Amino acid sequence: MRNSQVQIPTSREQCLALDAADPLAPFRTQYTLPANGVYLDGNSLGVLPVRTPEIVRRTVEEEWGQDLITSWNKHGWTELPFVLGDRIAPLIGAGPAEVVVCDSVSVNLFKVLTAALRLRSGRRTVLGERDSFPTDLYIAEGVTGLFEGARSVLLPSLDSADDLDAHLDEGVAAVVLSQVDYRTGRLLDMGAITAKVHAAGALMIWDLCHSAGALPIELTTHQVDFAVGCTYKYLNAGPCAPSFLYAAPRHHAAVEQPLTGWFGHAAPFAFESGYRPAEGIGQFLTSFPPLLALAGLRATLEIWEDVDLAQLRAKSLALTGLFIEQCADLEVVTPRQEKLRGSQVAIRHQDGFPVVQALIERGVIGDFRAPDLMRFGFTPLYVSYTEVWDAAQALREVLASGEWQAERFATRGAVT
Ligand SMILES: *Cc1c(COP(=O)(O)O)cnc(C)c1O
């Protein structure tokens, strides 16, 4: 990949100049941001778009409150999982009628992984990475438990596609990987890995939680079989908004997903007693997704219609590059090479938890992932170069002053 278009600044003045010339800077006004802070946790929970409360209010007061049951037809509720899936499609390099919005990432992974094992019925191994986001591993364990002789094999973190060679034998039905590692921010080569998995006769499932809305993704180009991802991280749909599910159209006719609920039926309102799956991507629905959460997704996806993903990627690399450069004397575990980097930076520090708490008190909001990683997410639509400069400065001051050692920073809540 070529270098980012934006050079890494070496002074705060240069950061101010880059902000003034930033083509994505106007997007910042679309978001509700902390008054006196820098939000570097958009990879965990994206911020509230300014337009969202009004769209949610209209959905509650007008669609639900006034139009009641007629809203299913009058306001197109039944179509929303498809309409919103089609709006996510260009962000992940998919086509129309290939993406649907429903359920959570875990539930959707359960559906596509079970479907993949059924499509490769002579094979019984699922490959994944040991350090993946745990819910993906738990689901793989649950799914393989349903097939006699099936097992999931967990590999050490991959550095490149070649690391799969020794493991891709004729028993492998599917490989499940996160494109961007939730802890380290390492970006995998989707094209090279998917091609290898296919050459071995297996199916490829990508988890896009930390890449959707963070960088351009090319599912069709790379002939990916299935993908799942979040809408509440880089896409800003709101807390626990439903996830999305992609299935390549070549699988739509043969696939069988296991959660056969009424909204995946060919005719939900015929109320037949036997299950007949809908054709196409609709067969992946189970129930109707939470309507108010869909309103949050609808609102944020209006903003994404105007985003140039090449500009997004260039700024993301510049922001992460700047932070890495400014923290060069710390143990940065995120790859320095641009083609290996998502949109977050992780720094290893044995006292990472209290250090992050001390930073939050200074208004720099990042998070901590056990056992020892401080994590900072860089969302190009609302984070500025100057903020990144100031955040790195604050981190260095917190460490140099030792202020993180104060007792009040040691207490952990249920969510870190
Ligand atoms: C955030 C995240 C999830 C979330 O799973 P849910 O079932 O939607 O709660 C799953 N996988 C990864 C890699 C994530 O980062």
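Tutor: Before we start, a helix here is a DSSP run of H or I at least four residues long, and helices are numbered from the N terminus. Keep in mind that this model is predicted.

Student: Got it. About how many helical turns separate R57 and E54?
Tutor: Their side chains meet in a salt bridge, at 3.0 Å from N to O. Both residues belong to helix 2, and they are three residues apart. That spacing means they are separated by about one helical turn.

Student: Is R57 buried, partly exposed or exposed?
Tutor: Buried means under 20% relative accessible area and exposed means over 50%, with partly exposed in between. R57 has 30% relative accessibility, so it counts as partly exposed.

Student: Of E387 and R28, which one counts as buried?
Tutor: The cut-off for buried is under 20% relative accessible area. R28 has 29%, so it counts as partly exposed. At 12%, the one that counts as buried is E387.

Student: Let's go to the surface. Which residues make the nonpolar patch of about 370 Å²?
Tutor: One member, I69, is in the loop between helix 2 (52-66) and helix 3 (71-74). I69 is exposed because its relative accessible area is 67%, and exposed means over 50%. The patch is made by W64, L68 and I69.

Student: And inside? Which residues touch the most other members of the largest nonpolar core?
Tutor: In soluble globular proteins, nonpolar side chains tend to be buried together. The largest nonpolar core here has 126 residues, and those touching the most other members are I92, I193, W206, L208 and F323.

Student: Which domains does this core draw at least three residues from?
Tutor: The core counts W206 and F323 among its members. It draws at least three residues from each of two domains: domain 1 (12-50 + 308-405) and domain 2 (76-304).

Student: What does T114 touch beyond four places in sequence?
Tutor: T114 lies in helix 5 (residues 105-119). Its relative accessibility is 2%, so T114 counts as buried. Not counting residues up to four places away, it touches L109, V143, F147 and P258.

Student: Last one: how far apart in space are A248 and F147?
Tutor: A248 is in the loop between strand 10 (243-247) and helix 8 (291-304), and it touches V224 and D225, leaving out residues up to four places away in sequence. A248 and F147 are 101 residues apart in sequence, and in space, C-alpha to C-alpha, the distance is 23 Å.

Conventions. Residues are numbered from 1 along each chain as its sequence is written. This is a predicted model: local features need pLDDT of at least 70, side-chain atom pairs count only at pLDDT 80 or more; totals for chains, interfaces and linings use all residues. Side-chain values use heavy atoms; hydrogens and water are left out. Patches are made of residues with over 30% relative accessible area and no salt bridge: like charges are joined within 9 Å, nonpolar side chains (Val, Leu, Ile, Met, Phe, Trp, Tyr) within 5 Å. Accessible areas come from the Shrake-Rupley method with a 1.4 Å probe; for residues, only the protein chains shown count as cover. A salt bridge is a side-chain nitrogen of Lys or Arg within 4 Å of a carboxyl oxygen of Asp or Glu. Helices (H or I, at least four residues) and strands (E, at least two) are DSSP runs, numbered from the N terminus. Buried means under 20% relative accessible area, exposed over 50%, partly exposed in between (1.4 Å probe, protein chains only). A nonpolar core is a set of buried Ala, Val, Leu, Ile, Met, Phe, Trp, Tyr and Cys residues joined through side-chain atoms within 4.5 Å. Domain bounds come from an automatic or database domain assignment. Contact means heavy atoms within 4.5 Å.
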